[in-house]
Amino acid sequence: MRRSILAALREREHTFEELVILAGRAKSTVSVHLQDLAAAGVIGSRPDPEDSRRKIFFLTGDLVASVLPETRVADDLAAYAGMYRPGSGDPFAFYRLTFRTIRVALMQEGVLLDPLLTRAGEWLGEELYPAVADPDTGGFCANIARFWEEHRLGRIEIAETEPLVLLIYDCFECADLPVTGKPACAFDSGILRALFSCHHGRPAEAVETRCYSMGFDHCRFEIAIESDEERV
């Protein structure tokens with residue numbers, strides 16, 4: 001809920017009524033979240049000049065992480081263990097939590113992760129390509145989306161075709177990370193880069209312009225294919 005509010009306010013200022021509609025929740029629920037965000041100094045408000053009974057909400061500064069990653073991982077691990085019962089566990093949830101735990105542990109040791117995650121993603125993408133290959137780009141994207149959903153990596157939508165823009169919802173790599181204001185999907189970027197490089201037979205880039213860790217409710221990748229002039 002707070003991610004969606006912050007993502008909306010990052011785009012522009014909103015009235016309380018607009019935020020209620022965007023959130024799709026009760027006014028009382030949205031009001032509580034707005035109060036908490038205001039108390040934390042993340043958002044502010046002022047009277048609507050056209051109607052003093054209404055408030056207009058806005059961001060007061062850059063989005064920052066307010067919870068240490070290691071603290072959040074420890075809480076999530078404890079919560080998972082506390083809820084686990086034999087035969088009732090979700091293996092996908094455990095694998096996602098394991099991936100995030102390893103990532104945070106390496107970050108604590110000062111390991112620069114993004115280049116390693118990108119290269120690991122490229123390696124995986126190169127091996128995965130035959131399983132999703134299709135000569136038609138539309139069919140190729142549909143195969144990727146199906147693979148992502150079947151393995152609970154997220155839900156992929158095609159937002160634009162020229163250039164190709166992919167949106168990923170419920171991203172396994174970053175959906176549970178704190179908001180830092182920076183993209184966090186180096187692993188996904190590597191996979192997509194390798195997949196589209198193989199598909200087009202020339203180098204491709206998967207540039208992440210939106211991310212859950214930037215306060216959005218999805219990740220956004222622009223796929224750029226190297227032109228003949230750039231190859232020369």
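Asp36 counts as partly exposed, at 34% relative accessibility (buried is under 20% relative accessible area, exposed is over 50%, and partly exposed lies in between, using a 1.4 Å probe and protein chains only). Keep in mind that this is a predicted model: local features need pLDDT of at least 70 and side-chain atom pairs pLDDT 80 or more, while totals for chains, interfaces and linings use all residues. Numbering runs from 1 along each chain as its sequence is written, and side-chain values use heavy atoms, without hydrogens or water.

So what does Asp36 pair with in a salt bridge? The partner is Arg2, which is itself partly exposed at 36%. Asp36 sits in helix 3 and Arg2 in helix 1, so this pair ties together parts that are 34 residues apart in sequence. The structure holds eleven salt bridges (a Lys or Arg side-chain nitrogen within 4 Å of an Asp or Glu carboxyl oxygen). Here are some of them:

| Salt bridge | Closest N to O |
|---|---|
| Arg2 and Asp36 | 2.8 Å |
| Asp51 and Arg53 | 3.1 Å |

Arg53 is exposed, with a relative accessible area of 75%. Elsewhere, Arg119, Glu122, Arg193 and Glu205 are linked in a network of salt bridges.

Now for the overall build. The protein has nine helices and seven strands (DSSP runs numbered from the N terminus: H or I of at least four residues for helices, E of at least two for strands). Of its 232 residues, 38% are buried. Among contacts (heavy atoms within 4.5 Å) with a separation of 6 or more, 56% join residues 24 or more positions apart.

Phe16, Leu19, Val20 and Ala23 are buried. Those four cover an arc of only 105° around the axis, which puts them on the same side of helix 2 (the arc uses directions from the axis to the C-beta atoms). On the other side, Ile21 and Leu22 are exposed. The cover over the buried residues includes helix 1 (2-11), strand 1 (14-15), helix 3 (27-39) and strand 3 (51-59). After helix 2 comes Gly24, with a positive phi near 70°.

The largest nonpolar core has 41 residues (a core is a set of buried Ala, Val, Leu, Ile, Met, Phe, Trp, Tyr and Cys joined through side-chain atoms within 4.5 Å). Ile144, Trp148, Cys174, Leu195, Phe196 and Cys219 touch the most other members. Helices 6 (113-132), 7 (137-150) and 8 (186-200) are among the elements giving two or more residues to this core, along with strand 5 (164-169), strand 6 and strand 7. Beyond residues up to four places away in sequence, Phe196 touches Phe140, Cys141, Ile144, Leu164, Leu166, Arg202, Ala204 and Ile223. There is also a second, separate core of 13 residues, including Ala8, Val30, Leu34 and Ile43.

Finally, which residue lies in the loop between strand 6 (204-210) and strand 7 (219-225)? Ser213 is in that loop, and Ser213 is buried, with a relative accessible area of 1%. Setting aside neighbours within four places in sequence, Ser213 is in contact with Pro178, Val179, Thr180, Gly181, Lys182, Pro183 and Ala184.
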